[in-house]
Amino acid sequence: MLFRSINAAASGAMITLLQGTYTETITIDKEVHVQGKGRSSVIDGTITIGSSGTGASIKSCRITGNTAINASASHVMIVNNWIANGKTVSGGTNAFLFNLGE
């Protein structure tokens, strides 16, 4: 469901995650902004932000399970998330990562 929302969104769009768990493999290949509702919006799956995802952001989500975040885009913001111990965040240039931990 999240993956389809990202694919359908125009560049620059805000996608608001409702309460629930999103167990998916997600690819962001444009500037979209994913905004959760805090710890009740759970992402459990691989998130790839491709080189066309410059300026994309993921905010206010709980990132858990088998999630790995791989960014090859620049100026990516992954902020105010709760990231479970042992999760991997890698790549990107001029990326900003500020998270609350879990």
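Colleague: How many helices and strands are there in the protein?

Modeller: There are one helix and 13 strands, where a helix is a DSSP run of H or I with at least four residues and a strand is a DSSP run of E with at least two, both numbered from the N terminus. Read from the N terminus, the order of the elements is α-β-β-β-β-β-β-β-β-β-β-β-β-β. This is a predicted model, in which local features need pLDDT of at least 70 and side-chain atom pairs count only at pLDDT 80 or more, while totals for chains, interfaces and linings use all residues. Residues are numbered from 1 along each chain as its sequence is written, and side-chain values use heavy atoms, with hydrogens and water left out.

Colleague: Why is histidine 33 called buried?

Modeller: Buried means under 20% relative accessible area, exposed means over 50%, and partly exposed lies in between, with a 1.4 Å probe and protein chains only. Histidine 33 has a relative accessible area of 16%, so it counts as buried. Its place is in strand 4 (residues 33-35). Of the 102 residues of the protein, 43% count as buried.

Colleague: How do you know that the side chain of histidine 33 makes a polar contact with serine 57?

Modeller: A polar contact is a pair of N or O atoms within 3.5 Å; within protein, one must be able to donate a hydrogen and the other to accept it, and residues adjacent in sequence count only if both atoms are side-chain atoms. The side chains of histidine 33 and serine 57 are joined at 2.8 Å, and those of histidine 33 and glutamate 31 at 3.2 Å, so both values fall within the limit.

Colleague: Is serine 60 buried or exposed, and what does it touch?

Modeller: Serine 60 has a relative accessible area of 17%, so it is buried, and its place is in the loop between strand 7 (57-59) and strand 8. Contact means heavy atoms within 4.5 Å, and, not counting residues up to four places away in sequence, serine 60 touches residues including Gln35, Ser41, Val79 and Trp82.

Colleague: What makes alanine 9 a buried residue, and where is it?

Modeller: With a relative accessible area of 14%, alanine 9 is buried, although its place is in the loop between helix 1 and strand 1 (14-16). Beyond four places in sequence, alanine 9 touches Ile15, Lys30 and Val32. Alanine 9 and valine 32 are 23 residues apart in sequence and 7.5 Å apart in space, C-alpha to C-alpha.

Colleague: Which residues touch the most other members of the largest nonpolar core?

Modeller: A nonpolar core is a set of buried Ala, Val, Leu, Ile, Met, Phe, Trp, Tyr and Cys residues joined through side-chain atoms within 4.5 Å. The largest has 23 residues, of which Leu2, Ile6, Ile28, Ile43, Ile49 and Ile58 touch the most other members. Strand 9 gives the most to this core, with three residues.
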